[in-house]
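Have the model open while you read.

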Protein chains: 2
Amino acid sequence: MLVFVGLGLYNCADLTLRGLEVLRHADKVYLDTYTSIVPGFSIEVLESLIGKKVVPVDRSILEGRKLINILEEAREKNVALLVPGDPFIATTHISIRLEAEKHGIKTEVVHAPSVISSAISATGLQVYKFGKIVTLVYPDPEIGFYPISSYEVLKDNFNRKLHTFFLLDLREDRKMTIADAVDVLFLLEEKVGDGIISSETLGIGMARIGSPDLILKAGTLEDLKKHDFGPPPHSLIIPGLLHPMEAEALLLLCNANKEMIEKWMKKIK
Amino acid sequence: MLVFVGLGLYNCADLTLRGLEVLRHADKVYLDTYTSIVPGFSIEVLESLIGKKVVPVDRSILEGRKLINILEEAREKNVALLVPGDPFIATTHISIRLEAEKHGIKTEVVHAPSVISSAISATGLQVYKFGKIVTLVYPDPEIGFYPISSYEVLKDNFNRKLHTFFLLDLREDRKMTIADAVDVLFLLEEKVGDGIISSETLGIGMARIGSPDLILKAGTLEDLKKHDFGPPPHSLIIPGLLHPMEAEALLLLCNANKEMIEKWMKKIK
C-alpha cells in the first residue's frame, strides 16, 4: 500500500491526526523535497514525532527510473509518501499514483490543508468568485519564452469579473516573489498589450499562508512590489468584481486602503 | 481572541495537530452544527480528545443577535469556533470574522482539509483546469425559482473547455444527492435549452470525500443517477477537456469506462 500523506503548509503541526497515525504505522516514510516549500518544517521534529527515520526524495527519484523501487516496496509494505500541502495539486504525485495503480499497488490519500483553499479562506474572498487558477512561471528571454498563457487566463477571468489566483514559480535555484511576479505581469502587458495590467491594478499579495507569520497585503501592483513580504512561498491574487463583504475583508484582513478599493470597484463595474 | 478551527471532512482525525493544540488550550469551544455534514464526527469523541465540553451552535446563534455574546467572550478569553472543512468557504463564517475584527477582537485561523482541494486531489483532475465553482441549490417551482445561474456557470466553463465543480445544496431538512443534482440539471436544460446537458454528458460523482468509505464514479449523468453513492455529502464535477493524465485518472481512480471517456474527449475537442 502506498499512502500519500498531505504535509500542509507550514510545519509538522499541519499534519492531521490521521496523517500522524498513518506515518507512525508505516514501514517506510519518504518525503518529497522539491515540489513546494514548507517554511517551518524540520525533518528532525517529524522523525521524533513519528518515531522513525524519514527518507528525503527529490525530483530525480520521483520522476525517474528509481521510482519503481519505491512502488515495489509498497507492494509488500506500508509505504507513506509525504507531500507538501494537499497531495496531487502538483502533477508529479498524481502520475506516481497512477503508476502505482497500474502496477496493481493499492493507494490511498490523507488530505491536508492546501494553499488553494487556505489562501481563499485567509483573505476572506469567496471561492465562488474565482476563475481559472494559474501558475506564473519565469520568462526565459534567451529562448524567447514568455508565459503568455497566464496573461490570457487573467484576461479571460477579468472579462468575467472573476478573481485570478496566481501560484508563483518555485524552482530549486529560485522562488518567485511577489515583486518578481509583478515584474513578469508588467512584462507580459508590454508583450501582449491588451491593457489588462497597469501599475494601478489591484492585487493581494500573500506570503507564507498557513503560518503564524503570514502576510496579507492588498494594494496596487506598484504598492505590492515595494512591500516587504519576507521569504517565500508567495502567491498573488488579482481580484475581479468584489462583493461588499469581500471588499470589507480586504480592508480588515488584508490591510487595504478604502479609496483604492472604491476606485477598483468603480473600474470593474 | 477568536480562533476559527477547521474540522476537516470526515471525523476528529481530520483535525491538524495545531487545531488540536488550540482546542486543548481554549477557554471555550463552540461547534458550528449547520453549514456542512462531517459524516463520522462525534462530539463525545471530540470532548474526550480535548478534555472539555463543546457547545454546539446553530444558525440562529451564528447569524443572530446572540453572536455578540460569543464575540464579547472572545474579548477576554480564548474562544475557538470549530467549522467543518477549511473555515470560510461558507460566507457565514467570514461574516463572523469581520464582525469580530470590527469590534476590535483578534481573530486567527487554523486551516484544515477542504472539499475544494480534496475533491480535486482525490479524483486526479488538475486544479488548473477548473472554471468557476458553483453551489447547485434546489429549485422551488412554487415560487418559480430555478437556479439558472448554475446552468450559466456550467455553460461558460464548458465553452472554455474547463471543468465545473458543483457543491450540492445542504439544508437542515434535505441534503442534495447526486441523483437529485442530475434531475436539477436536466430540469435546467429543459428551462434554458442551450443544449449543454444531456443524458450522455460525462460527470464525476463523489460521496463522502476525505472519508474511508468515499465513492468516486465517473459516468454519464444517466449512469450516475442510478449509481448507489450512499449517504451525503455528495458533490458532482462535469469535466471539460481532459488532459490524457486526467483521463487515465478517471479510469484508474473513478471507475470510468474507456469508450465513454474517448467519446467525451472527441465531443469536447
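Which residues of α6(A) are buried? They are I116(A), S117(A), S118(A), A119(A), I120(A), S121(A), A122(A) and T123(A). Bear in mind that this is a predicted model.

## Helix α6 of chain A

The helix α6 in chain A runs over residues 115–123, and it's mostly covered, with eight of its nine residues buried.

Now check its two ends. At the start of α6(A), S114(A) has a side-chain oxygen that comes within 3.0 Å of the backbone nitrogen of I116(A). Just after α6(A) you'll find G124(A), with a positive phi of about 85 degrees.

## Where the chains meet

Chain A puts 51 residues into the contact, and chain B puts in 51 residues too. Between them the two chains bury about 4500 Å², and 65% of that is on carbon and sulfur atoms. On the chain B side, the residues that lose the most area to chain A are L17(B), R18(B) and Y128(B), together 16% of what that side buries.

## Charged and polar links

There are six salt bridges between chain B and chain A. In a salt bridge you can look up yourself, the side chains of K102(A) and E248(B) meet at 2.8 Å, N to O. Polar contacts across the interface come to 23 residue pairs.

As for the side of chain B that touches chain A, the elements giving two or more residues to it include α1 (17–25), α6 (115–123) and α10 (244–253) of chain B. The largest share, seven residues, is from α5(B). By type, that side of chain B splits into 27 nonpolar, 14 polar and 10 charged residues.

Technical notes
Residues are numbered from 1 along each chain as its sequence is written. Chains are lettered from A and ligands numbered from 1 in the order in which they are written. This is a predicted model: local features need pLDDT of at least 70, side-chain atom pairs count only at pLDDT 80 or more; totals for chains, interfaces and linings use all residues. Side-chain values use heavy atoms; hydrogens and water are left out. Contact means heavy atoms within 4.5 Å. Buried area is the accessible area (1.4 Å probe) that two parts lose on being put together, summed over both. A salt bridge is a side-chain nitrogen of Lys or Arg within 4 Å of a carboxyl oxygen of Asp or Glu. A polar contact is a pair of N or O atoms within 3.5 Å; within protein, one must be able to donate a hydrogen and the other to accept it, and residues adjacent in sequence count only if both atoms are side-chain atoms. Helices (H or I, at least four residues) and strands (E, at least two) are DSSP runs, numbered from the N terminus. Ala, Val, Leu, Ile, Met, Phe, Trp, Tyr, Cys and Pro count as nonpolar, Asp, Glu, Lys and Arg as charged, and the others, Gly among them, as polar. Buried means under 20% relative accessible area, exposed over 50%, partly exposed in between (1.4 Å probe, protein chains only).
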